[in-house]
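Open the model in your viewer and keep the selection tool at hand. We will go stop by stop.

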Amino acid sequence: MTARTVAKHTGGEPDRLVPVTDTWARAARLTIPVPAIEGGIDWDDHLGMARRLVRSVADGRAATVEGRPDTLDEILGEFVTAVLAGEGLSG
């Protein structure tokens with residue numbers, strides 16, 4: 001998948017669209033912790049996809065950025081710390 005994506009982003013490629021198929025089926029096979037970070041004012045479809053991702057993967061973790069974009073760094077820091085410690089993520 002990576003090689004196909006990189007090949008689509010070369011200077012001579014006229015069609016940079018990279019079709020992605022079976023994303024939810026592939027996501028369900030992930031065995032590593034996956035953060036789904038949504039914005040407090042995201043559209044309903046984005047919120048729904050983030051929640052579906054958390055339910056689809058073996059170790060999905062949800063967090064919401066409310067109001068302050070700088071909280072993203074805090075959320076990601078907490079996620080990495082929690083993963084390294086083998087704990088859950090609150091948010």
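**Stop 1: A28**

Select A28: it is partly exposed, at a relative accessible area of 43%. Here buried means under 20% relative accessible area, exposed means over 50%, and partly exposed lies in between (1.4 Å probe, protein chains only). This is a predicted model, where local features need pLDDT of at least 70, side-chain atom pairs count only at pLDDT 80 or more, and totals for chains, interfaces and linings use all residues. Residues are numbered from 1 along each chain as its sequence is written, and side-chain values use heavy atoms, with hydrogens and water left out.

A28 sits in the loop between α2 (23-27) and β1 (33-39). Helices (H or I, at least four residues) and strands (E, at least two) are DSSP runs, numbered from the N terminus.

**Stop 2**

Step back to W24, in helix α2. Which residues does W24 touch, not counting those up to four places away in sequence? They are M49, R52, L53 and S56. Contact means heavy atoms within 4.5 Å. The C-alpha atoms of W24 and L53 are separated by 7.7 Å. W24 is partly exposed, at 26% relative accessible area.

Next, pick D22, in the loop between α1 (2-7) and α2. D22 is exposed, at 56%. Its phi is positive, about 55 degrees, although D22 is not a glycine.

**Stop 3: helix α4**

Select residues 71-85. This is helix α4, with 15 residues. From first C-alpha to last it reaches 21 Å, close to the 21 Å expected at 1.5 Å a residue. The expected span is 1.5 Å times one less than the number of residues.

Color T71, I75, F79 and A82: these are buried. Look down the axis of α4: its buried residues fall within an arc of 85 degrees, so they line one face of the helix. The arc is that of the directions from the helix axis to the C-beta atoms. An α-helix has 3.6 residues a turn, so residues three or four places apart point the same way.

What covers the buried residues of α4? The cover includes β1 and β2 (59-65). On the face turned away from the buried side, find the exposed residues D73, T81 and L84. After α4 comes G86, with a positive phi near 75 degrees.

**Stop 4: R61**

Finish at R61, in strand β2. Is R61 buried or exposed? R61 counts as buried, at 8% relative accessibility. Show its side chain and that of D59: a polar contact of 2.7 Å joins them. A polar contact is a pair of N or O atoms within 3.5 Å; within protein, one must be able to donate a hydrogen and the other to accept it, and residues adjacent in sequence count only if both atoms are side-chain atoms.
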